[in-house]
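Colleague: I would like to learn to read this model feature by feature. Please take me through it.

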Amino acid sequence: AFKSNVCNASVVQGTFMISEAGTIFIPNTFTPNNDAVNDEFVVNMNNIRTYRIKIFNRYGILMYSSQNLVENWTGTYNNEQVPVGTYYYIVDAIDFDKNVIQKAGSVTILR
């Protein structure tokens with residue numbers, strides 16, 4: 001359905017997006033080195049009813065999965081630190097207006 005009285009424009013800069021549904025910020029790097037700075041992969045979304053994230057390594061093996069928006073990936077798999085490198089995420093969410101939000105991309109771990 002087309003809503004003529006709503007501005008559908010969005011501003012995209014990196015992985016930060018402002019739209020009618022709210023704001024989403026997905027970082028492209030994090031540093032899980034226990035220095036208390038940027039140690040977790042934190043997806044920031046607001047106005048979300050349901051949420052699911054899956055993170056895979058370059059071979060397609062599921063490294064992490066969660067349906068809890070306040071639970072963040074710490075760069076581990078089976079309680080072991082994963083190697084430095086690039087990992088791939090898929091985020092599926094539904095906001096309070098029942099809009100489906102799907103994001104996919106990569107995140108790089110640096111230590």
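**Reading the model**

Modeller: Start with Thr86, which is found in strand β10. Strands (E, at least two residues) and helices (H or I, at least four) are DSSP runs, numbered from the N terminus. This is a predicted model: local features need pLDDT of at least 70, side-chain atom pairs count only at pLDDT 80 or more, and totals for chains, interfaces and linings use all residues. Residues are numbered from 1 along each chain as its sequence is written, and side-chain values use heavy atoms, with hydrogens and water left out.

Colleague: Which residues does Thr86 touch?

Modeller: Contact means heavy atoms within 4.5 Å. Not counting residues up to four places away in sequence, Thr86 touches Ser106, Val107 and Thr108. Thr86 and Ser106 are 20 residues apart in sequence, yet their C-alpha atoms are 6.5 Å apart in space.

Colleague: What about Ser65: where is it placed, and what does it contact?

Modeller: Ser65 sits in strand β7. Leaving aside neighbours within four places in sequence, Ser65 is in contact with Ile53, Lys54 and Glu71. From Ser65 to Ile55, 10 residues apart along the chain, the C-alpha separation is 6.4 Å. Ser65 has a relative accessible area of 37%, so it is partly exposed.

Colleague: How many helices and strands are in the chain?

Modeller: The chain has 0 helices and 11 strands. Of its 111 residues, 31% count as buried. Take the contacts between residues at least 6 apart in sequence: 47% of them join residues at least 24 apart.

Colleague: Where is confidence lowest, and where is it highest?

Modeller: pLDDT is the predictor's confidence in each residue, from 0 to 100. Where pLDDT is low, the predicted coordinates should not be read in detail. The chain has a mean pLDDT of 84, and 80% of its residues reach 70 or more. Confidence is lowest in strand β1 (residues 11-13), at a mean of 40, and highest in β7, at 98. Over residues 1-15 the pLDDT is below 50; this stretch has 16 contacts in the model beyond near neighbours in sequence.

Colleague: Which residues have the most contacts inside the largest nonpolar core?

Modeller: A nonpolar core is a set of buried Ala, Val, Leu, Ile, Met, Phe, Trp, Tyr and Cys residues joined through side-chain atoms within 4.5 Å. The largest one has 21 residues, and Phe41, Met45, Ile53, Ile55, Trp73 and Tyr87 have the most contacts inside it. At least two residues of this core come from each of β6 (48-56), β7 (62-66), β10 (85-95) and β11 (100-109). Look at Trp73: beyond four places in sequence, its contacts include Phe30, Phe41, Ile55, Met63 and Tyr87.

Colleague: How many aromatic pairs does the structure hold?

Modeller: A pair of aromatic rings is described by the distance of the centres and the angle of the planes. Rings of Phe, Tyr and Trp (its six-membered ring) pair if their centres lie within 6.5 Å; planes under 30 degrees apart count as stacked, over 60 as edge-to-face and the rest as tilted. The structure holds 5 such pairs. Phe41 and Tyr89 form a tilted one, 5.7 Å centre to centre with 45° between the planes. It links distant parts of the chain: Phe41 is in the loop between β4 (29-30) and β5 (44-45), and Tyr89, 48 residues apart from it, is in strand β10. Both Phe41 and Tyr89 are buried. Ring pairs link Phe30, Phe41, Tyr64, Trp73, Tyr87 and Tyr89 into a cluster.

Colleague: Which residues have a positive phi without being glycine?

Modeller: Asn47 has phi near 60°, and Lys98 has phi of about 70°. Asn47 lies in the loop between β5 and β6. Lys98 lies in the loop between β10 and β11. Lys98 is exposed because its relative accessible area is 61%, while Asn47, at 42%, is partly exposed.

Definitions and conventions:
Buried < 20%, exposed > 50% of the residue type's maximum accessible area, 1.4 Å probe, protein only.
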